[in-house]
Amino acid sequence: MTNVLIAGVGGQGALFAGRVLGRAAIQAGCDVKISEVHGMSQRGGSVETVVRFDREKVHSPLIDKGGADFILALELLEAYRSIGYLKNGGWLIASTQRIDPMPVITGVASYPADIVEKLTKTGARVKALDALSLAIESGGAKMANVVLIGVLAGALAGDLAIAKEDWLTALRQAVPEKLLAMNLKAFELGHNWRENLGEIQTI
Amino acid sequence: MKKLLMGNEAIAYGALHAGVRVAAGYPGTPSTEILETLAKIHDGSVYLEWSVNEKSALEIAAGAAYAGARAMVTMKQVGLNVASDPLMSLNYVGVKGGLVIVAADDPGPISSQTEQDTRHFAQFAKMALFDPSTPEEAYAMTADAFAFSEKYGQPVLLRPATRVCHSRADVELAAPLRVSAPEGFVKDPRWVIFPRLTFANHIRLEQKLVEMSEEFSRYPKNYVTGGGTLGIAAGGVSYAYVNEALQNLGVSCKLLKVSSYPFPRDLALAFLDGLEEALVIEELDPVIEMELLRLMGSAGQSLGRSSGVKIKGKLTGHTANAGENSPESVSAAVASFLKLNAAPSQPERLARPPDVPARPPILCAGCPHRASFLAVKEAADNAVFCGDIGCYTLGNAKPLDMVDTCLCMGAGITVAQGLHRVEPHKTHFAFIGDSTFFHSGIPGIINAVYNQTDIIVAVLDNATTAMTGGQPHPGTGKTLTGSSPPIDIGKILEAIGVTDIVRADPLDHAAAKAAVTKVLPLTGVRAILFASPCAAKIKKPIYAVDAEKCRSCEICVAKLGCPALTMQNGKADIQRALCAGCGLCGQICPFHAIGGAL
């Protein structure tokens, strides 16, 4: 069973990233469950989606704390918030984008400093990248989600691997025709980033 | 054929494949995607509409079912409260075509006002209810529900909860049923509810409930597995959590899966037989638990040991009686019940960090509601602000702090009247969104005019039903599947007799404030129509701060609560990726440091 939690801020496309991952896993012959959150929390609030896939039947759409093999975080504070879900030995891949939540904007709270360092100190395996810049390089800031999917796709190897063609099929199914080229480029930039991450064969 | 579907999409496919002819509903999380999906996938054979409210939607579906068509109505759980009047009566009248009422529950709650349990509503209304655990079951049970409804001639509830509605799975789709054309409406006294008819039908209804319970004991989606003296009963998504917990703990025990009501008594008796203890895992109310207790009361002594089967659950404090279940909470309850050590928890060092600021949902950057609230706040800060249901409920957050009450759809207008009767010296505003206005706001305004109350109604018209993702309503000129002449909110207010109506573009801050100032000293029912489209629907050039002109006064940040506007290195800063170009910050900056796109 592979459990991936995608964390972000409402509007960043966490749910869309989850769907692409789910479709790719189905292409690879897995049973899949995805949990999404719609409605009120999508309005700029914290958004988490969980994708679970396995060769065997997947029962629950949600995971325990400490149950995620991978966390993909679209925003640093959300990476920090979600760390409790990471499995011992799991990987957290975070975009360095910062979006201030309202308590920070109004001065009631402050945005934690040095989140990547703090996360690394927990002993978790943490990789941070500027997915926003890679997304803008692909044609739009909205595609940071697809960059992170590319990173995951590039890193999964061995038993965890999903063939690249399965990822591309998933993207073609999920993305409207006119935005496809941009999204494929964002995926490719993420995929190439694996040189910084190495191959992950087991958790 | 398999398809990756959200539970709500699965219900839409289930209804289409079961030959639904008419489907209506009102948007509400977590139910909204059912009708939206039907609108995308049907081949023209289904009549679909967003109705003005859930009561109307159910009555439309009832009419269709009277004429012999298969009909469906969708809503969130609190929508069923609005539709409860036709619901209660309809079950005494019955239907000809299958009628499935989908009411989506929201444990948590994640996006709702209540944690009510629709299974109780089914018991109250004496109706059958189907309760799927997965998107796969949601698909199959939709067809089962139509067949069941037609077989008994009664409307049937389908109650998916959030984690079914908004979970995705690879669903195996069956071949669509060939359903014959509806017979049409046949005049008959059975369609006219009268006390005598109600009494006669009540007798039949009680008999049907017994037959339904018997049939549900044989229904393949209700089942008992495993053995032993310890048993777990579960329904909904909690059943998946139980399976997962047993798998992780590496154990098995006797299991009862409950997927439909009236409660499958015979099956539950078979489950209880030979048990010493039973643990019930369910969300919202202890419905399964109370049914098991009832069975123990009537048949218990003959079932287990001399002391009977001990039933553990919400009523005994073994599971939480509020909020949604999680794999963790279920795992802990199951381990404790089976006297096992809980699965090893994660290392302490990965616990949730202590200094994470909350990220509550907020009004989007560029949202016109922010501008409307700001205009009223600046012109009438010491008034009382009654809010309502929609994105604009988020106006309660600081720094706007513009929602003093919020109860249910349409209640802002009437709660304001009640407040005003007690404190007539205060000014009372009632904010209402455009879709809520049509849903249930109008009668409250008529009441205010009729009873001559002094209130100010502020209609926040963003030309969509925004919170649920942007559905059309009667004021938009669009329907679920096409177009229709828009109904003018201002003309409705005029017709009701509201004499002082001002219109303002909330994004023109000076004009918006002037509109508020104009109606403030008047008496009677006054209305301000703030009209500006939802920021999610339009693209405008974005704004930027001229750092040299910015004096770091922080007025923009302190007043607006805009997610795109923050202080960076002591200067105001606009995040390009978030700004929607409303221009409100540019209008309130005292130093003219914020301007159109650079």
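This is a predicted model: local features need pLDDT of at least 70, side-chain atom pairs count only at pLDDT 80 or more; totals for chains, interfaces and linings use all residues.
View 1. Residues are numbered from 1 along each chain as its sequence is written, chains are lettered from A and ligands numbered from 1 in the order in which they are written, and side-chain values use heavy atoms, with hydrogens and water left out. About 4,900 Å² is buried between chain B and chain A, with carbon and sulfur atoms giving 58% of that area; buried area is the accessible area (1.4 Å probe) that two parts lose on being put together, summed over both.

**View 2. Charged and polar pairs between chain B and chain A.** The count between the two chains is 7 salt bridges, each defined as a side-chain nitrogen of Lys or Arg within 4 Å of a carboxyl oxygen of Asp or Glu. A:K118 and B:D355 form a salt bridge in which the closest N and O atoms are 3.5 Å apart.

**View 3. Strand pairing between chain A and chain B.** Strand β2 (residues 31-35) of chain A runs antiparallel to β8(B), and 3 bridges join them; helices (H or I, at least four residues) and strands (E, at least two) are DSSP runs, numbered from the N terminus, and two strands pair if DSSP finds at least two bridges between them. The bridge partner of A:K33 in β8(B) is B:A169.

**View 4. A mixed open sheet of chain B.** The 5 strands of this open sheet have the order β9-β11-β10-β13-β14 in chain B, with mixed pairing, and the edge strands β9 (223-225) and β14 (310-312) each pair on one side only. Strand β10 (residues 230-234) and strand β11 (residues 254-257) of chain B pair in the parallel sense over 4 bridges, and B:G231 has B:K254 as its bridge partner in β11(B). Helix α10 (residues 237-249) of chain B lies across β9, β10, β11 and β13 (277-281), running at about 160 degrees to β11(B); axes are lines fitted to C-alpha atoms, for helices over the stretch in contact, and angles run from 0 to 180 degrees between N-to-C directions.

**View 5. A parallel open sheet of chain B.** Here 5 strands form an open sheet in the order β15-β16-β17-β19-β18 of chain B, with parallel pairing. β15 (384-386) and β18 (500-504) of chain B stand at the edges with a single partner strand each, so one side of each is left without a neighbour in the sheet. Strands β16 (residues 428-433) and β17 (residues 455-461) of chain B run parallel and are joined by 5 bridges, with B:G433 opposite B:L460 in β17(B). Helix α15 (residues 411-422) of chain B packs on the sheet, touching β15, β16 and β17, and its direction makes about 175 degrees with that of β16(B).

Technical notes. Contact means heavy atoms within 4.5 Å. A polar contact is a pair of N or O atoms within 3.5 Å; within protein, one must be able to donate a hydrogen and the other to accept it, and residues adjacent in sequence count only if both atoms are side-chain atoms.
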